[in-house]
Structure formats: C-alpha cells, structure tokens
Amino acid sequence: MAVHGTSMEAAGPYDRARALSAFKLGDKTFYWTTRICAILVLVLLGGIIISLIIGAWPAMKQYGVAFLTTSRWAPSAEPPVLGALSPIYGTILTSAIAMLIAIPVGLGIAIFLTELCPLWLRRPIGMAVELLAGIPSIIYGMWGFFVLGPFLANTMQPALINLFDGIPVLGSIFGGPPSYLSLFNASLILAIMVLPFITAISRDVFATVPPVLKEAAYGVGCTTWEVVRNVVLPYTRVGVIGGVMLALGRALGETMAVTFIIGNSFRISPSIFAPGTTISAAIASEFAESDGLHQSSLMLLGLLLFVLTFFVLAAARLMLMRLQKKAGS
C-alpha cells in the first residue's frame, strides 16, 4: 500500500505539469490565431490600397492635380479628357443632403422608441426599422426609379420650384425643370437607406442610460424633452456620433441604388433637381466597358473614394476620442 501511495503521489505533479503545459499551448495557439487574423486585416487593406495605386498610376501621371479640378468627362475624346470634380461634387452633396434628412428623423424615431412608445407598439416599429436595413440596395434603386422618382417629379419638385422661384440662392438650388433622375432623388434614397443604422444604434445606446438619472430628472420637474436634451443625449453622444459616422460611410460608398436614380450626368449644376453622378455610380456604370486611360481614371476615382471615406472615418474617430477625453476630464 505504501508503494502504491508513493506512485500515486509521484504521478500527481506530473499530471498537473502536463495539464499546465496543455493550457499554455492552448493560450499560445489562441494568441497567435487572433494576432494573425488582425494582421491579415492590415495585409488586405494594404493590398487594396496598393492595387488601386497601381491601377490609377497612368491617370495620375497623365492628369496630376488637374484631375481633381476638371469637371469634364470625355473618355471618347482624343486625347481623353477626364476629371473627377463632378463625381466628387455629387458624392459630397448627396451624402450631405441624406444626412441632413436622416439624422433628425433617425434620432426622433430612436427617442420615440425608448421614451414615448407604448410597449405593444415598440416591437413592430423596431422590426420595421431592422427590415429596412436588410433590404438589398438594388431594391431601393428599383423602387426609387419606378415609384419615388415619378412621384417627386410630379408633386414635390414642382411645388418647391414654384415656392422658391425668384428668391436669390434658393431659386438656384431648387430651380430647373422637374426630373425623375436627380441629385435630390438620390439623396432621399440614401437617407432612407442609412436611416436604420442611425435609428438602431441610437436606440441601443439610449437604452444604456441608467434609469436613475432619468428618474431624478423627472423628479425635479423636467419634461420629457428636457430629459432627452439634458440627460439622454449628453450621456450617449459618443455612441450617437459613432452611429452617424457609420451611416455617413454607407452613404458615401452606396452604388447600385444611386446609379439607378441619380441620372449619371458628369456635370455640376447649382440645382439639386438636376441629374448628376457620384464616384461609386460612375465606376459602376462605366468600368465594364473601360480600358486604358479610361479604366485607370476610374481606378483613380476609386482611390479618391477610399481616401475620402478614410478621412471621414478618421475625423469621426478623432472627434470621439476628444469627446471621451473631455468627458473623462
């Protein structure tokens, strides 16, 4: 029995050492697996940037900085005259109008769902918002082309044109003949597409506000609007801004829906009811039939969109860091 006990005691530390070795091996495997995945993201990002630069290099050498300031797009001319000013203008304008529409509406829906909506209605509205996020972009484009575009051209656009006719600046912005295909129509489609992102993220961060803060505000006589303005929004501003920037990134890069309804016209007009184009729409509509310098110019447009999106997201990250630092101080 003594011998048997001695052998068991000797086997115990060996088993523990083997188990510890197995745990260390598992931790090391997990560490390197996650590290390789993180490095792979950087490698993919770098590969995309390098491939865009290589493809865009002929156009960069041919046009230089003039590519950013030229609005004419004539790939069939001899030599080709290609400029990115019109697509850049259309991309920025449609995204800006879309965000001006989507941000107040999205925040309003989120506030209603978290503060005012009856419980029996909260789930159906929430499901409807999530369903909007799941609809493919081409469906939005088809709906905009066949339904929304004609409706706007026959009702809303004539009313706005008559309302602002003769007024300086506004008369130019809302001027021109009504059109089924326009920058405004594309902006409205984009607003509908990014609305679920703003609403869903804002609703989730609004739900994280401690109830005791809102109850204390109501206890001192604050109205619902005062509670939202002075408690909910300040407490969740970092998350709300993050959701807005995510939606802006989606609006900048949206392709198919915009291609359907923007008109794909390479010209700059002061009227938002005029046809136009965006960077992504220009690439989608012309890349399949392009070659040579034309194709390189489209690659350069893609590189510009990549840089534009990067700077927008970087600015958003910097803003969030400053807000967090201010809140911490």
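The exercises below work through surface, core, ring pairs and salt bridges in a predicted model.

**Exercise 1. The surface patch**

Solution: 
- Step 1. List the members. The patch is formed by Ile138, Ile139, Met142, Trp143, Phe145, Phe146, Val147 and Met256. Together they have about 710 Å² of accessible area.
- Step 2. Patch members need over 30% relative accessible area. Met256 has 34%, so Met256 counts as partly exposed.

**Exercise 2. The nonpolar cores**

Task: Name the residues of the largest nonpolar core that touch the most other members, then trace the contacts of Phe273.

Solution: 
- Step 1. Take the 52 residues of the largest core. Met99, Ile189, Phe206, Ile272 and Phe273 touch the most other members.
- Step 2. Find the helices that supply this core. H3 (85-116), H5, H7 (183-206), H9 (224-253), H10 and H12 (292-328) each supply at least two residues.
- Step 3. Follow Phe273. Leave aside its neighbours within four places in sequence. Its contacts then include Leu160, Ile161, Ile173, Phe174, Pro177, Leu181 and Phe184. Gln157 and Ser179 are also among them.
- Step 4. Look for another core. A second, separate core has 16 residues, including Leu52, Phe266, Leu300 and Leu305.

**Exercise 3. The aromatic pairs**

Task: Classify the pairs Tyr63–Phe67 and Trp73–Phe266 as stacked or tilted.

Solution: 
- Step 1. Start from the count. There are eight aromatic pairs.
- Step 2. Take Tyr63 and Phe67. Their centres are 6.1 Å apart, with 35° between the planes. The pair is tilted, because stacked rings need planes under 30 degrees apart. Both Tyr63 and Phe67 are buried.
- Step 3. Take Trp73 and Phe266. Centre to centre they are 5.0 Å apart, with 10° between the planes, and the pair is stacked.
- Step 4. Locate the second pair. Trp73 is in strand S1 (residues 73-74), while Phe266 is in the loop between H10 and helix H11 (279-286). The pair therefore ties together parts that are 193 residues apart in sequence. Trp73 and Phe266 are both buried.
- Step 5. Return to Phe273. Ring pairs link Phe273 with Phe164, Phe174 and Phe184 into a cluster.

**Exercise 4. The salt bridges**

Solution: 
- Step 1. Oppositely charged side chains can pair when their charged atoms come close. The structure holds four salt bridges.
- Step 2. Glu115 bridges to Lys214, with the closest N and O atoms 3.1 Å apart. Glu115 is in helix H3 and Lys214 in helix H8 (residues 211-219), 99 residues apart.
- Step 3. Arg203 bridges to Asp204, with closest N and O atoms 3.8 Å apart.
- Step 4. Widen the view. Glu130, Arg203 and Asp204 are linked in a network of salt bridges.
- Step 5. Glu254 and Arg250 meet in a salt bridge at 3.1 Å, N to O.

Notes:
Residues numbered from 1 in each chain as written. Predicted model: local features only at pLDDT ≥ 70, side-chain atom pairs only at ≥ 80, totals over all residues. Heavy atoms only, no water. Patch = residues over 30% accessible without salt bridge, like charges linked within 9 Å, V, L, I, M, F, W, Y side chains within 5 Å. Areas by Shrake-Rupley, 256 points an atom, 1.4 Å probe, with all protein chains shown as cover. Salt bridge = Lys/Arg side-chain N within 4 Å of Asp/Glu carboxyl O. Buried < 20%, exposed > 50% of the residue type's maximum accessible area, 1.4 Å probe, protein only. Phe/Tyr/Trp six-rings, centres within 6.5 Å; stacked < 30°, edge-to-face > 60°. Helix = DSSP H or I, 4+ residues; strand = E, 2+ residues; numbered from the N terminus. Core = buried A, V, L, I, M, F, W, Y, C linked by side-chain atoms within 4.5 Å. Contact = heavy atoms within 4.5 Å.
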